[in-house]
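Open the model in your viewer and keep the selection tool ready.

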Amino acid sequence: MELKKRVNEFPTPYTAMAAIREGGMETRLSMLVMGLGNIVHKQAVKGALFLAAEILYAVFMITNGFHCLAMLPSLGSVEQEEVWNEALQIYEYTQGDNSVLILLYGVAEILLSVLMFFLWRETLKSAYQAECLDREGKHVNTFREDLKTFLHENVQKLLMTPPLVFIFGLTVLPLVFMICMAFTNYSKIDNHLVLFDWVGLENFRTLFDSSSILGSTFWSVLGWTVIWAFFATFSNYIFGMILAMVINRPGTKGKSFWRFCFVLSCAVPSFVSLLIMRTMLQPDGAVNVLLRSMGWIASDSSLPFFTDPLWSKVTIIVINIWVGVPYTHASVNRCVTEHPGRTV
């Protein structure tokens with residue numbers, strides 16, 4: 001099967017590769033001195049900002065960045081020591097290496113360098129565009145005109161930059177950090193909480209060994225997670241659709257009343273409903289008291305809704321159905337009422 005070549009929907013002649021191959025000396029020097037091409041071609045403010053970003057990055061890497069990257073392979077080796085201070089008659093602790101911080105800063109440096117690489121590419125494209133326009137005798141945007149483009153043709157950059165910054169800082173960085181932690185011996189066992197080392201795939205070999213504590217725990221947790229994911233989604237959608245179709249069938253009377261009953265449960269905040277359910281399912285809660293009064297359980301016993309693992313899991317699934325079905329019913333009910341002749 002022949003693969004189709006991806007077509008650029010927004011083609012532009014001002015690319016980084018074109019700048020390297022066809023750009024003038026000032027544009028090619030922008031690879032080393034960011035913003036030089038812009039400064040030469042009447043965009044002094046824009047070029048100065050690019051240059052300032054490069055200087056700040058270089059200073060940061062020299063003062064901290066290279067040290068963090070150099071410590072990343074070893075994750076530190078100096079332990080915190082307890083030293084007796086004869087003058088103060090107390091024990092003092094010398095600062096040692098912290099592998100958690102070393103790993104975190106190292107990952108952050110790598111991501112920062114990736115972002116800096118994309119800024120470098122934008123610098124080359126901007127310098128090449130300014131060079132081409134100036135060479136052809138066309139108007140080269142001033143800094144103020146460039147800012148105005150963020151409200152028109154470049155509005156996507158204005159709207160997407162803040163979300164991307166937060167995604168990198170709050171999602172990508174923690175995700176990469178935790179993935180890297182999986183390849184270390186970070187553990188309470190043998191006191192590897194402050195200083196730890198890279199162990200490669202050793203943790204994953206232990207994970208798939210059902211005879212180990214980690215392996216047996218992992219597979220039991222994974223099994224319950226799969227069961228929960230299935231029932232939490234499947235049951236809500238199926239019961240919600242069945243409920244909506246039963247209420248909206250021609251033979252059902254009082255449709256508005258039944259819809260009101262289930263919409264009412266959505267109006268109550270979920271945390272309030274869950275607090276009520278927790279109180280009702282306590283050993284001396286309403287459910288156990290009612291079952292004792294009906295003689296279904298002994299007067300001195302109660303159902304272990306929260307104390308027995310199996311009962312707790314079933315209880316969680318049932319409560320999730322009770323909380324989630326009304327929302328599915330409301331969504332499906334809208335489709336059924338607006339398109340009565342179509343199948344859901």
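**The second largest pocket**

The second largest pocket holds about 480 Å³ of space. A pocket is found on a 1 Å grid over the protein atoms alone, as an open set of points where a 1.4 Å probe fits, with protein on both sides within 12 Å along at least five of seven lines; lining residues have an atom within 4 Å of a point. Grid points are joined across faces, edges and corners, and the volume is the space filled by probe spheres set on the points. Select Thr184, Tyr186, Ser187, Asn203 and Leu214, which of the 16 lining residues are the closest to the centre of this pocket. Two elements, α8 and α9 (213-247), each give two or more residues to the lining. Helices here are DSSP runs of H or I with at least four residues, strands are runs of E with at least two, and both are numbered from the N terminus. With five residues, α8 gives the most to the lining. The lining is made up of 10 nonpolar residues, five polar and one charged. Ala, Val, Leu, Ile, Met, Phe, Trp, Tyr, Cys and Pro count as nonpolar, Asp, Glu, Lys and Arg as charged, and the others, Gly among them, as polar.

This is a predicted model, in which local features need pLDDT of at least 70 and side-chain atom pairs count only at pLDDT 80 or more, while totals for chains, interfaces and linings use all residues. Residues are numbered from 1 along each chain as its sequence is written, and side-chain values use heavy atoms, with hydrogens and water left out.

**The hairpin**

Select residues 81-85 (β1) and 90-94 (β2), antiparallel strands joined by five bridges; strands pair if DSSP finds at least two bridges between them. Trp84 has Tyr91 of β2 as its bridge partner. Four residues separate the strands of this hairpin, and Gln89 in the turn has a positive phi of about 60°.

**Salt bridges**

How many salt bridges does a search of the whole structure find? There are seven, each a side-chain nitrogen of Lys or Arg within 4 Å of a carboxyl oxygen of Asp or Glu.

Glu202 is partly exposed at 38% relative accessible area, and Arg205 is exposed at 52%. Buried means under 20%, exposed over 50%, and partly exposed in between (1.4 Å probe, protein chains only).

Next, pick Glu122 and Lys125 in helix α5 (residues 99-135); their closest N and O atoms are 3.0 Å apart. Then go to Arg292 and Asp284, where the corresponding separation is 3.7 Å.

**Cysteines**

A disulfide is a pair of cysteine sulfur atoms within 2.5 Å, and the count by this rule is zero. Cys180 is buried, at 19%, and Cys132 is buried at 5%.

**Two loop residues**

Most residues other than glycine have a negative phi. Lys42, in the loop between α3 (36-40) and α4 (44-71), has a positive phi of about 65°. Leu75, in the loop between α4 and β1, has a positive phi of about 60°. Buried or exposed? Lys42 is exposed at 60% relative accessibility, whereas Leu75 is buried at 0%.
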